[in-house]
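Reader: I would like a close look at a single part of this model, taken slowly and with the details kept together.

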Amino acid sequence: MPRLNAGTRHVVRFTLNGRPAAFEVEPRMLLTDALRHLLGATGTHVGCEHGVCGCCTVLIDGMPARACLTLAVQAEGCEIRTIEGLAPSPARLSILQAAFRRHHALQCGFCTAGILMSLEAFLATRPDPSAEELREVLSGHLCRCTGYAPMIAAALEAAAKLREDAVHV
Amino acid sequence: MKPAPFDYLRAESLEEALAALDQGGSEARILAGGQTLLPMLNMRLARPALLIDIMRIPALSAISLEQDAIVISAAVRQATVLARPTLGTEVPLLAAALPWVGHFQTRSRGTICGSVAHADPSAEIPLCLVALEGEIRLRSRRATRRVSAEQFFVGMMLTDKGDDELIEAVAFPKRRPGEGYAFAEVGRRHGDFAIVACAGVVDAKRMRLAVAGVAERPVARDFPLLDGTALDDALNAFAWDLQARDDIHATARYRRDLVRSLGRKVLEEAAACRA
Ligand code: FES
Ligand code: FES
């Protein structure tokens, strides 16, 4: 691949929530900024910008990633999922989102997008998690409002519901 | 908190990456999982002129088994190694330590070799490599060489790697019959860097204890089989020799205390699980 020059913008193509997407970025642009400022996908939040808070978590090829520790140019050819892609339709929440709402697992909501993306990835590989395992997943996120307990309850309930649904398909 | 400008090269082959590294010299940096490099770029603690992304080089994504080692290439992510079903029987110490490396959300990106290259004195992966007497395999455009873990880690975030070299792979010795292994660490929260981490390896003749988070690099010491107060005394001497210092995370005294207590715990556990 030719070397991408620091001062010029380069086209990067990928899929965003199942649809083809592209942006034009300098190599130094972070994925957080490219998603938010160039595509207007402001659901992905930015808390600390150095990998500590987890607010910016998105899925890259199904695996969680801190978007603030990812260069936009690294997205080339990848499948990116963000909070905007979680709900099945604008009028319906996903099972996990609905459980968060029921359990008051969010207050200000600043941390929520990242946490939902993490749990989405975790439940996909671990459909029957223990509260202990969920606590460990949440250790990669900071929430200043909820105290985390309602998130564990919501995730356990969502996992049970997802397992039930899987049986009935 | 935005990186300073740099050129970016997504290398498609090892040769391309090595040529760029050769040309770029100290101005070039290898980008693998980015979990330590990106924070440093964001905070402008590092300002390379060129980033060489090696994650799409097919030859660097292998985990291979040799006679007595498991060899993990540069682009292998920590989560991939942790998910390996046979890891617990192949390298039990690494299987015990990996869940303590960062978080679920960073292990999915971070690489084993990246952690070795960064050489944080409290990091778990370099600690395991030193405890097990593993090896780092370096490659430059001109040559390849192998360095023992003990010689590779030179100081605080300082290694024996030259500017024109990249870590092609690291080799973890496989479980040896008759050996037991144990790992323990204390940190403020799970996933934070350890205040002190200890790895123990015990066989029929010796006990080996490696300690991270105290000296400027992971340090190991071999003891004959000891117990009771003889073990306490040996651990106490080791704890003092590591020359702990006070910092914002913990006092030197607390660190020495952790070396004594965690050290004893891992050596006893390792002895108990000798297979
Ligand atoms: S904004 Fe990315 S981890 Fe805090
Ligand atoms: S809901 Fe406010 S930070 Fe988590």
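How many residues does the contact take from chain B and from chain A?

Author: In this predicted model, the contact takes 36 residues from chain B and 37 residues from chain A. About 3200 Å² is buried between chain B and chain A, and carbon and sulfur atoms give 54% of that area. On the side of chain B, Tyr8(B), Phe104(B) and Gln105(B) supply 22% of the area that this chain buries against chain A, which is more than any other three residues supply.

Counting residue pairs in polar contact, with both residues at pLDDT 80 or more, gives 16 between chain B and chain A. The elements of chain B that give two or more residues to the side touching chain A are strand E1 (7-10), helix H2 (37-42), strand E3 (50-53) and helix H6 (104-107). By residue class, the side of chain B that touches chain A divides into 17 nonpolar, eight polar and 11 charged residues.

Terms used. Residues numbered from 1 in each chain as written. Chains lettered and ligands numbered in written order. Predicted model: local features only at pLDDT ≥ 70, side-chain atom pairs only at ≥ 80, totals over all residues. Heavy atoms only, no water. Contact = heavy atoms within 4.5 Å. Buried area = accessible area lost by both parts, 1.4 Å probe. Polar contact = N/O pair within 3.5 Å; in protein donor to acceptor, adjacent residues only side chain to side chain. Helix = DSSP H or I, 4+ residues; strand = E, 2+ residues; numbered from the N terminus. Nonpolar A, V, L, I, M, F, W, Y, C, P; charged D, E, K, R; others polar.
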